[in-house]
Amino acid sequence: MLQKKSTRVRKEEIVQAALEVIGRKGVRALTISAIADAAGMSEANIYRHFAGKDEIFSALGEFIGSAVMGKAATIAGGSRKPLEKLEIIFFSHIALLADHPGIPRFVFSDDIHLGNRNLADMLAVRINSYIETITGVIAAGVAEGELRQGLAPRQTALTLLGMIQFTAMRWNMSNASFDIQAEAEKLWQNFISLVG
């Protein structure tokens, strides 16, 4: 007999299914029916765990905040050297986007920014926190002599994030026609040559 899945597991499955739908078809294609199909469950089961799309959007925002920003904060708080921390943050972000192409489509969708102000504000706070985390790592790298003296930490953090987001957008728009990991390797090497 199959064991019943916990509410937490079901919610995670629904969030992953929603990201899959967004990754393939965009935010506008996200319906309860589409999520149910992607998750392999009934619409009624979706409604048992979420009151509707707005709650699913909020859960997506929380997942992204934790998966991207939370992980970066954990890495930044570790004992590695600043440059190694930056590298791990950069490549873990790229790997997450490769696994979940729906993330940039969700975060940068006008449907989210204009249609759900609370969610847009929450994402903006998490993104700003992410920028501050990376800024701190870069400042430490400058202070420890790993990164070039005179480097502006915040602007360098924004440059790093811009590389990630623009690469993710190009990859999404091209229907994953290039190897995002290989592209990230080249970008990282170029970034290091500029800031080292």
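Colleague: What is the mean pLDDT of the protein chain, and which helix has the lowest mean value?

Modeller: The chain has a mean pLDDT of 91, and 98% of its residues reach 70 or more. Among its elements, helix α7 (residues 110-115) has the lowest mean, 79, whereas α10 has the highest, 95. Where pLDDT is low, predicted coordinates should not be read in detail.

Colleague: Why is F90 called buried?

Modeller: The term applies to residues under 20% relative accessible area. F90 has 0% relative accessibility, and therefore counts as buried. The residue is found in helix α5. Apart from neighbours within four places in sequence, F90 is in contact with L160, M163, I164, A184, L187 and W188.

Colleague: How far apart are F90 and R170 in sequence and in space?

Modeller: They are 80 residues apart in sequence, and their C-alpha atoms are 17 Å apart.

Colleague: Does H93 count as buried or exposed, and how do you know?

Modeller: H93, which also lies in helix α5, has 5% relative accessibility. The cut-off for a buried residue is under 20%, so H93 counts as buried. Its contacts, leaving aside neighbours within four places in sequence, are V68, Y130, I164 and Q165.

Colleague: Which residues touch the most other members of the largest nonpolar core?

Modeller: They are I56, L60, L86, F90, F106 and I134, in a core of 60 residues. The elements giving two or more residues to this core are α1 (7-25), α2 (32-39), α4 (53-76), α5 (82-99), α6 (102-107), α8 (117-143), α9 (153-173) and α10 (180-195). Helix α4 gives the most, with 10 residues. In soluble globular proteins, nonpolar side chains tend to be buried together.

Colleague: What does L86 touch?

Modeller: Not counting residues up to four places away in sequence, L86 touches I134, V137, I138, L147, L160, W188 and F191.

Colleague: Which residues of α4 are buried?

Modeller: The buried residues of α4 are I56, F57, A59, L60, G61, I64, G65, A67, V68, M69, A72 and I75.

Colleague: What makes the phi angles of N175 and A176 worth noting?

Modeller: Neither residue is a glycine, although phi is positive in both: about 60° for N175 and about 55° for A176. Both are found in the loop between α9 and α10.

Colleague: Why is N175 called exposed, and why is A176 called partly exposed?

Modeller: An exposed residue has over 50% relative accessible area. N175 has 67% relative accessibility, so it counts as exposed. A176 has 41%, which lies between the 20% and 50% cut-offs, and therefore counts as partly exposed.

Colleague: Where does the name "DNA-binding region" come from, and what is the content of residues 31-50?

Modeller: The name comes from UniProt, where an unreviewed entry lists residues 31-50 under it. In the model, this span is 75% helix and 0% strand, and its end C-alpha atoms lie 13 Å apart.

Notes: Residues numbered from 1 in each chain as written. Heavy atoms only, no water. UniProt positions renumbered as here; feature names shortened; annotations may be inferred. Helix = DSSP H or I, 4+ residues; strand = E, 2+ residues; numbered from the N terminus. Core = buried A, V, L, I, M, F, W, Y, C linked by side-chain atoms within 4.5 Å. Buried < 20%, exposed > 50% of the residue type's maximum accessible area, 1.4 Å probe, protein only. Contact = heavy atoms within 4.5 Å. pLDDT = per-residue confidence, 0-100.
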